[in-house]
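Here's a quick briefing to read with the structure open. Have a look at the fold before going through the points below.

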Amino acid sequence: MISEKMNAALNGQINKEMYSAYLYMSMSAHCSNVGLDGFANWFMVQYQEEMTHAMKLYNYVNDQGEKVVLEAIEKPPTDFGTLLEMFEATLGHEQFITKSINDLVYLATEERDYATQIFLQWYVTEQIEEEGNDNEIIAKLKLIGNDGNGLFILDRELATRVFVPPVKKE
Ligand code: FEO
C-alpha cells in the first residue's frame with residue numbers, strides 16, 4: 001500500500017526516467033550524425049538503462065496495486081555543442097535526477113513508507129554510478145582537449161560499452 005501522494009510522486013519519476021531515455025537517445029542520434037559511433041553507442045546503452053529505470057518504477061506501482069498514469073514526454077534538445085558541453089549537460093541532468101530521487105526518499109521517510117524507502121535504495125546507489133560515469137568521461141575529455149587521436153581512442157573505448165539488464169529479483 002502506498003499513499004496517493006507517494007503514487008503521484010512515483011508516477012512523476014517514471015516520466016523523468018522516460019525523458020532521460022529520450023534525452024540520451026537524442027544525444028546518441030547527434031553523435032551518429034557527426035560520425036562518433038562509439039559515443040553514439042554509449043548513449044544508446046544509457047537510453048536502455050533509463051528504460052529499465054522507468055520500468056522498475058512502473059512495476060513497483062503496479063505491484064502496490066496503484067495505477068500508472070503516463071504523461072507527455074518533453075521534447076529533448078537536438079543540438080549539444082561540444083562533446084565536453086554535452087557530457088556536462090548529461091552530468092547536470094543526472095544531478096537533477098539524484099535530487100529527485102532524494103526528494104522521493106524524503107517523502108517516503110516522512111510517510112513512514114518503509115517498502116518505498118527500501119525500493120528507492122536501488123536508485124540511490126544507481127545515481128552514484130550514473131554521476132561517476134559522467135565525471136570519468138568529462139575528465140577524459142578535458143585531458144584530450146583538441147587532440148584528434150585521443151578522441152578517436154575514446155570513441156573506440158565507448159564503442160565497447162554493452163547494456164547489462166539489472167538482475168531480476170525472484
Ligand atoms: Fe535513471 Fe540516469 O538516471
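**Helix α5 and the rest of the fold**

On helix α5, the exposed residues N149, F152, I153 and R156 sit on the face turned away from the helix's buried side. Keep in mind that this is a predicted model.

**The other side of α5**
- Helix α5 covers residues 148–158, and its buried residues are G150, L154, D155 and L158.
- Looking down the axis of α5, you'll find the buried residues within an arc of 135°, so they line one face of the helix.
- As for what they touch, the buried residues of α5 pack against α2 and against α4 (114–144).

**How α1 and α2 pair up**
- In general, you describe two packed helices by the angle between their axes and the distance between those axes.
- Helix α1 spans residues 4–33 and helix α2 spans residues 37–63; they pack at an angle of about 165°, and their axes are 8 Å apart.
- Angles over 145 degrees count as roughly antiparallel, so that's the label for α1 relative to α2.
- The α1 and α2 crossing is left-handed.
- Sorted by class, the α1 contact with α2 has 19 nonpolar residues, eight polar ones and three charged ones.

**The whole chain**
- The protein chain has five helices and zero strands, giving the pattern α-α-α-α-α along the sequence.
- Its C-alpha atoms fill a box of roughly 55 × 30 × 25 Å along the principal axes.
- The protein chain has 170 residues, and 44% of them count as buried.
- Among contacts in the protein chain with a separation of 6 or more, 83% come from residues 24 or more positions apart.

Methods:
Residues numbered from 1 in each chain as written. Predicted model: local features only at pLDDT ≥ 70, side-chain atom pairs only at ≥ 80, totals over all residues. Heavy atoms only, no water. Axes fitted to C-alpha atoms, helices over the stretch in contact; angles between N-to-C directions. Helix = DSSP H or I, 4+ residues; strand = E, 2+ residues; numbered from the N terminus. Parallel < 35°, antiparallel > 145°, perpendicular 65-115°, else oblique. Left-handed = near helix turned anticlockwise from the far one by under 90°. Nonpolar A, V, L, I, M, F, W, Y, C, P; charged D, E, K, R; others polar. Buried < 20%, exposed > 50% of the residue type's maximum accessible area, 1.4 Å probe, protein only. Arc of directions from axis to C-beta. Contact = heavy atoms within 4.5 Å.
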